[in-house]
Amino acid sequence: MTRTETTRDPRTWTVGQSLPPRTIGPITQTDIVRFAGAGGDFNPLHHDEPYARAAGLPGVISMGQMQAGMLAAWVADLALVEHLLRYSVRFASPLAIGETLVLQGTVESVEEGIAEIALAANAGDRIVVSGTARVRTAAP
């Protein structure tokens with residue numbers, strides 16, 4: 001049996017292009033517990049309200065990897081996962097139960113078939129996760 005591999009052509013990206021935003025939420029305790037179960041992160045900051053408050057937080061917070069994963073899935077959907085070459089994030093602010101995330105991105109540069117995209121996951125006017133992605137681009 002011969003396997004034929006096919007790859008979708010890369011998308012065309014232009015400098016200054018805004019990616020279509022994605023809204024997720026509001027985030028629930030169930031979202032956080034499901035992610036904790038999948039990833040094995042049972043830090044009490046993510047499920048124990050009194051513990052989180054004693055640590056100086058306003059309540060339970062989501063783990064940063066949850067938002068980073070949402071941002072990664074979104075950019076991989078838009079760029080087509082096989083053309084995602086690099087992805088990095090910086091955790092900027094905690095995300096609380098009841099908050100809604102808005103995922104956004106802007107193409108910062110396009111050179112030699114590679115686009116650099118600035119990414120952000122925002123809750124209101126606050127950046128929760130910022131990042132960058134490097135993706136293949138088709139010739140314009």
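Student: What does the accessible surface of the protein come to, and how much of it belongs to carbon and sulfur atoms?
Tutor: Keep in mind that this is a predicted model. The accessible surface comes to about 8000 Å², and 54% of that belongs to carbon and sulfur atoms.

Student: And how many of the residues count as buried, as a percentage?
Tutor: Of the 140 residues, 33% count as buried.

Student: OK, the fold. In what order do the elements run from the N terminus?
Tutor: The order is β-α-α-α-β-β-β-β, so to speak a list of three helices and five strands. The C-alpha trace spans about 55 × 45 × 20 Å along its principal axes.

Student: Which residues touch the most other members of the largest nonpolar core?
Tutor: Trp13, Leu19, Trp74 and Ile117, out of 27 residues in that core. Helix H1, H3 and strands S3, S4 and S5 each supply at least two residues, and H3 gives the most, with seven.

Student: What is Leu19 in contact with, leaving aside its neighbours within four places in sequence?
Tutor: Its partners include Trp13, Trp74 and Ile117, along with Val75 and Leu78. Gly105, Thr106 and Val107 are also in contact with Leu19.

Student: Switching topic: where is the cis peptide bond?
Tutor: From Gly25 to Pro26, with omega near 5 degrees. Pro26 sits in the loop between strand S1 (22-24) and H1. As background, most peptide bonds are trans.

Student: Last one, Ser62. Why does Ser62 count as buried?
Tutor: Because its relative accessibility is 4%, and buried means under 20%. Ser62 lies in the loop between helix H2 (49-54) and helix H3 (64-79).

Student: What does the side chain of Ser62 make a polar contact with?
Tutor: The side chain of Gln67, at 2.5 Å. Beyond its neighbours within four places in sequence, Ser62 is in contact with Ile32, His46, Gln67 and Leu95.

Key. Residues are numbered from 1 along each chain as its sequence is written. This is a predicted model: local features need pLDDT of at least 70, side-chain atom pairs count only at pLDDT 80 or more; totals for chains, interfaces and linings use all residues. Side-chain values use heavy atoms; hydrogens and water are left out. Helices (H or I, at least four residues) and strands (E, at least two) are DSSP runs, numbered from the N terminus. Buried means under 20% relative accessible area, exposed over 50%, partly exposed in between (1.4 Å probe, protein chains only). A polar contact is a pair of N or O atoms within 3.5 Å; within protein, one must be able to donate a hydrogen and the other to accept it, and residues adjacent in sequence count only if both atoms are side-chain atoms. Contact means heavy atoms within 4.5 Å. A nonpolar core is a set of buried Ala, Val, Leu, Ile, Met, Phe, Trp, Tyr and Cys residues joined through side-chain atoms within 4.5 Å. Accessible areas come from the Shrake-Rupley method with a 1.4 Å probe; for residues, only the protein chains shown count as cover.
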